[in-house]
Amino acid sequence: MSDIHEKDAENENPDSHDSHDSHDDAPLILATEMLPEKLPILAIRPRPLFPGIPVPLEVGPEQAASVKYAVEFSAKTIGIVLVKDINGNDNPDNLYNIGVAAKILRVFSGEGDTASILINCLERFRVKEYKKAKSGTLANVEYPTPSTITITEELRAYGMAVLTTLRDLVKMNPLQSEAIKMFLSRSTFDDPGRLADFAANLTTASGEELQEVLETFDVRQRIDKVLALLKREVEISRLHGQINKQIHEKISGQQREFFLKEQLKAIKKELGLEKEGKTTEIEKFRERLKDLSLNPEAQKTIDDEIEKFQLIEPHSPEYTVSRNYLDWLTALPWGKYSKDSYDIEKARKILDRDHYGLEDVKDRILEFIAVGKLKGNIAGSILCLVGPPGVGKTSVGKSIADALGRTFYRFSLGGMRDEAEIKGHRRTYIGALPGKFLQAVKTAGTANPVIMLDEIDKIGASFQGDPASALLEVLDPEQNSSFRDHYLDVPFDLSHVLFIATGNQLDTIPRPLLDRMEIIRLSGYISEEKREIARRYLIPKTLKSHGIKNSQLSLRSDALNRLIEDYAREAGVRNLENLIKKISRKIAMKIIKGADKKIIVQKNDVEVYLGKPAFVADEVFENKPGVVTGLAWTNLGGATLQIEATAIPSKNKGFKQTGQLGAVMVESSDIAYSYVMARLKEYGADADFFETRFVHIHVPAGATPKDGPSAGITMATALLSMMLCKPVKKNLAMTGELTLTGQVLPIGGVKEKVIAARRVRCKTLIFPEANRKDFDELPEYLKKGFKVHYAEHYEDVFKYAFN
């Protein structure tokens, strides 16, 4: 570009302007006669140029040869052609065949090998042939001679439509207003072709659309295409204006609101009506402290933390940590206690209202309240309600809270494996929180709520700690008066909280934890109690929850009895409630389908709604030799076991047990086998009976794991019944641990086992003599109808079972 001199270009400017002016005033044919037929080609992108419009262009090093050739050999005339693919090269096969001839008016040197040129577009041309040369791309061109244009009324109307559209565009697009105004001030309707070219150049149409306009030589057709582009441009400009207006209004509204808020804040600050955020927070914390009775350590900690909080900048990360810490410290109910109600009669009414039966449990709770009334408080008490699922342990806890007039809070310990759930996280962790106990106290709003620890027998342990060990401090009356949570790190008094734990069994509760709790057993319900519970609570509750009226459904007593006996024999009533819900859903479907009469569910209808019974009418096996009914205790309450014994002829004696027996139960069977084998003659059996027989004991059901020592006398009796070929008394069930010397030792779960015997209609029971007091303490309605024998030695069992 260094050899293209600006001075030479400037010397040509007068001629260029003269030619330009002549082009405007003279006929079009004169301009074509002045233009060369061989032109250097300058490829441009992304849109073509139109005749009659001066344009500045940037020229790169690869296009310098074409510009130099135009200055030296083609009277500063150069061909401007649009590329077909803007991402492609400048080769002839990527160039359109219609372009525009332009006069180079000025050349300005740029940085390096680049330059800027100012050109004036003169006339359209059609490429006859492209040629590649050292000087770039050359083309042999022809200039189509336009026909003489007659300005008709139609062309004048089209021109007026273009001008009107341009005026509309000026109103909506200020960026091009000056160029349009200048053109309109000098334009007439005598050259509609030039008007169309100028208008097309102003649009934002794509390169292909503008190239189509450039290639349209017929003026009438060209104006048609340009007018369509202009109409679209007006719509785009109108939409653009609407969007800008909306954005402007939104921003202006936000700015106005911001300035008004700032002004209001400044005015309030001057009048002393508003303080900054940190001051407000501190005043809130101090206001909370007025109603609290803190211990000295907590008071000092809060004062120090507030003093530290005042020095922290709000944008500091420590600000949020300190604020949350103060929020928790001041939100706890330090020294706030609800007044306890020790009204025994009121407590009795609440317990009777919420629960049917459980008289021994109710009496124990009333005794507990009576002791609290004498002491003046019930601090330091931790109860543990143990029983099968569905017997009402959680609801009993709620009733205790209602009777005492305290707030009730419950959370489950089942599956808890992290010590931090009990004692909280240290404040060094992001998102740290106090433990569940302080969260419960904060939620309750008093320092003496009733907190229920549900499923305490299912608490876990992991590498994150042992929650059961963390509970030792919480549930120890000697320690929980100064319980120190990891998050707060100040002592809080939990000694006034009444803790009620629930569980299905005691075996999985750690012994140190169990020692801190007072055990209250909920053994389960007999059929009569279940029937009343269903009548009083379950059926009305289920009908209400299913939208069924009493006038639409009636569950007869015989149907309810069958439901309890054949489908819901478990100790609790949860399954019974689910079965009633299942029946209610089917009844609801009938009502929806148009049943207009009251639906009465009778005994035979139960099987229609629920399918085959889960239990047979009587679980006691056929009374035959080798089969004896035993009584067992499980996590689900009491149960009956049908222990079977048989002898197989064999050359060698042997003994095995099946039925998924646990280690303790296997030992009991071994003891029974040894005891019987050592006393064959005493009980009238052949002395060599076991020498030629292989003995097998089985305890159905085989898929259910079983363990415990209380089946010892039952297994011995089954062996003797098998050897003597003599069945035991009908409707007899027994339980008791057997020793090698024949002693009958006491067992647990007497109440549960009595309930299980009543379910299967066993009227004669054998218990160890040491359990006489346990049976005598049972309610009369449980003992009614039973004939009970007590045995100190197995000889007593043998006498009661066979004679």
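1. A friendly place to start is the lining of the largest cavity, whose residues divide into 7 nonpolar, 1 polar and no charged. Here Ala, Val, Leu, Ile, Met, Phe, Trp, Tyr, Cys and Pro count as nonpolar, Asp, Glu, Lys and Arg as charged, and the others, Gly among them, as polar.

2. Please keep in mind that this is a predicted model, in which local features need pLDDT of at least 70 and side-chain atom pairs count only at pLDDT 80 or more, while totals for chains, interfaces and linings use all residues. Residues are numbered from 1 along each chain as its sequence is written, and side-chain values use heavy atoms, with hydrogens and water left out.

3. Back to the cavity: the lining consists of Ile539, Leu543, Leu553, Leu555, Ile580, Ile583, Ser584 and Val601. A cavity is a set of points, on a 1 Å grid over the protein atoms alone, where a 1.4 Å probe fits but cannot get out, and lining residues have an atom within 4 Å of a point. The volume of the largest cavity is about 60 Å³, and the count comes to 3 cavities of 30 Å³ or more.

4. Which elements supply the lining? At least two residues each come from H20, strand S14 (553-555) and H22, and the largest share, 3 residues, belongs to H22. Helices (H or I, at least four residues) and strands (E, at least two) are DSSP runs, numbered from the N terminus.

5. Now look at how two of these elements meet. Helix H20 (residues 527-545) packs with helix H22 (residues 574-592) at an angle of about 45°, and their axes are 10 Å apart. H20 and H22 are therefore oblique to each other; angles under 35 degrees count as roughly parallel, over 145 as roughly antiparallel, 65 to 115 as roughly perpendicular and the rest as oblique. On the H20 side, the contact (heavy atoms within 4.5 Å) includes Ile539 and Leu543, both also in the cavity lining. From H22, Ile580 and Ser584 are among the contact residues, and these two line the cavity as well. By class, this contact of H20 with H22 has 6 nonpolar, 2 polar and 4 charged residues.

Note on methods:
Axes fitted to C-alpha atoms, helices over the stretch in contact; angles between N-to-C directions. 1 Å grid on protein atoms, 1.4 Å probe; cavity = no way out; pocket = protein on both sides within 12 Å on 5 of 7 lines; lining within 4 Å. Points joined across faces, edges and corners; volume = space filled by probe spheres on them.
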